[in-house]
Structures are given as structure tokens and as C-alpha cells.
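Have the viewer open and follow along.

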Amino acid sequence: MQDSATIYTENVVMGGRQGHGFAAEKANHLIDKFAGEDAHLIGGDNAKNGADRLVSGQQIQTKYCSSGAKCVAETFENGTFRYMDSTGKPMQIEVPSDKYADALKAMEDRIKKGQVPGITDPAAAKDVIRKGHLTYEQACNVAKAGTVESLTYDAANGIKLAGTAMGLTALLTFAVGVWQGKSKADALDAACFSGICVGGTAWVSSIMTAQIGRTSMEGSLRAGTDWMVKKMNTKVVNALANAFRNGNNISGAAAASHVS
């Protein structure tokens, strides 16, 4: 139940104007996790000029725009690169795989103009620009309900939830079977069957709820849920918000919006 709620709330942000950006973060993160990387989503604290992702100790800011030049332009403020890590070095900027070459050239030009602190060699642009796993179009499709990309993402993302439900159900069914006097073989058969049924149901349900989170249905319910949240104790709202999400804790208006 909690995992389903987490998956749903994490997908709601994909329905907004910048939904493809959130989709890019989450999809690239999921691919890194499946590849065995030590990957974490850390942008939930909304820290100014903070990183979106952390992969094997490398801070990453994800920028998915319609061109490589726009991706790079988003990382500058008043002509100066704004995404620096705690050591004073530039974070890596993750761009769509099909915009990588354009973004690389744009960053090289910025370095030549002296707009990236601590870097003077244009060739160092390749250390700043990171090629994302998805193209721009794929990220846009992950953010939409009913597309092959979004269904694939939700199916992969729901595996953990389904596996947990399957494992717990199978374990409990096996134990109950043995306690009831069944042979271990019969208890194991029953456990496998129950685990597959419950795990499969949990998997399909997670995909359905995640897809709904991308639709206008969520927005149509917000007036009612906003009212309900306003009637709740602030401490309860904060506790619920942080129970149903990943990343750093949030509070106040951010927590209320998340719970709603």
C-alpha cells in the first residue's frame, strides 16, 4: 500500500509543464539502478542550484530541453555557470542522448568565454556534459500516460513492489501450510501459487496507479484533497508526506501539496 502510494505520488509531477524533466531524472535513475550503480535521487529538497541525482559519488543536474544549447543555457545565471558541488567543482549536466553533441559544443563555447569557474580548457566540456540514457522524445513520452515508454518505465519500477508482495505472501503461505500439517512439497506449491497471484496483482496495480498519476484525473480531485489536508494536523501532514516519498524530508506547504 505504501509503496503504491509512493509510486503514484512520484508520477504526479510528470503531469506538469516540466513533467518531461522529472521523467528524465527518474528514468535515468532507474536505468542506473538496474545497471548496478550506486544511484540516488536527491533533488527532492529543492535546494537552490542543488543536484538532482547522485551516481557513484558524482553529483548530477538533469537538463532535458529541446536542444543541446538550451540544456546548457539553463545551467547559467547572469553569464556564470551555477551548478557547483561542495568542493567548488562543476556538477555534471545530464542531457538527452540525441542532444549530447550540440550540448558539448555549447559548453565548449561557454568555457572559451570564461563563464565556467575553474575551467579554461574547452576540451574539459566532456567532463561536465553527461550523456543521458534517454532521448528528448523518450523522456517526453515517459511523462505521458499510455505510451510504450511510460508503460515500460512503470512496469520496471513496479518490479520491487511486486517482488516484495510476492515474497512475503509466499513465505507466509508456506509457513501456514506447514503449521496445518501439509507436506513441504504441497506447502511450497501453494506458496508459489499464492505468491505469483498476489505479486502479479500488485505489479499490475502499481502500473495502473502510476499511469493514472499522469492524467488529468489527479488534478480534478485536488480541490477536495487540498481541503482535507488543510483540516489535518500539521505534524500528521509532515509525517505522511515523508512516509510516502523518497529523498530528504519536507514540511509546510511542500508536505501539504505532496499529501494532497
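Which residues does Gln115 touch, not counting those up to four places away in sequence? The answer is Phe76, Gly79, Thr80, Phe81 and Arg110. Keep in mind that this is a predicted model.

Gln115 sits in the loop that runs between helix 4 (100-112) and helix 5 (125-128). Is Gln115 buried or exposed? With a relative accessible area of 17%, Gln115 is buried, because the cut-off for that label is under 20%. Arg110, one of the residues Gln115 touches, also has a polar link to it: the side chains of Gln115 and Arg110 are joined by a polar contact of 3.0 Å.

**Ala145, another loop residue**

Next stop is Ala145, found in the loop between helix 6 (136-142) and helix 7 (148-157). Ala145 has a relative accessibility of 36%, so it counts as partly exposed. Setting aside neighbours within four places in sequence, Ala145 is in contact with Ser150, Gln211, Arg214 and Thr215. There's also a C-alpha pair to look up here: Ala145 and Gly213 are 68 residues apart along the chain, and their C-alpha atoms are separated by 8.4 Å.

**Helix 11 against helix 12**

Two packed helices are described by the angle between their axes and the distance between the axes. For helix 11 (residues 234-243) and helix 12 (residues 252-259), the axes come within 8 Å and cross at roughly 65°. The crossing of helix 11 and helix 12 is left-handed. On the helix 11 side, the contact is made by Val237, Asn238, Leu240 and Ala241; helix 12 brings in Gly252, Ala255, Ala256, His258 and Val259. What does the contact of helix 11 with helix 12 have by class? There are six nonpolar residues, three polar ones and no charged ones.

**The whole protein**

Zooming out, the protein has twelve helices and seven strands. Of its 260 residues, 38% are buried. Take the contacts between residues at least 6 apart in sequence: 64% of them join residues at least 24 apart. As for the surface, the protein exposes about 14,100 Å², with carbon and sulfur atoms supplying 58% of that area.

Notes: Residues are numbered from 1 along each chain as its sequence is written. This is a predicted model: local features need pLDDT of at least 70, side-chain atom pairs count only at pLDDT 80 or more; totals for chains, interfaces and linings use all residues. Side-chain values use heavy atoms; hydrogens and water are left out. Helices (H or I, at least four residues) and strands (E, at least two) are DSSP runs, numbered from the N terminus. Buried means under 20% relative accessible area, exposed over 50%, partly exposed in between (1.4 Å probe, protein chains only). A polar contact is a pair of N or O atoms within 3.5 Å; within protein, one must be able to donate a hydrogen and the other to accept it, and residues adjacent in sequence count only if both atoms are side-chain atoms. Contact means heavy atoms within 4.5 Å. Axes are lines fitted to C-alpha atoms, for helices over the stretch in contact, and angles run from 0 to 180 degrees between N-to-C directions. A crossing is left-handed if the near helix is turned anticlockwise from the far one by less than a right angle, and right-handed if clockwise. Ala, Val, Leu, Ile, Met, Phe, Trp, Tyr, Cys and Pro count as nonpolar, Asp, Glu, Lys and Arg as charged, and the others, Gly among them, as polar. Accessible areas come from the Shrake-Rupley method with a 1.4 Å probe; for residues, only the protein chains shown count as cover.
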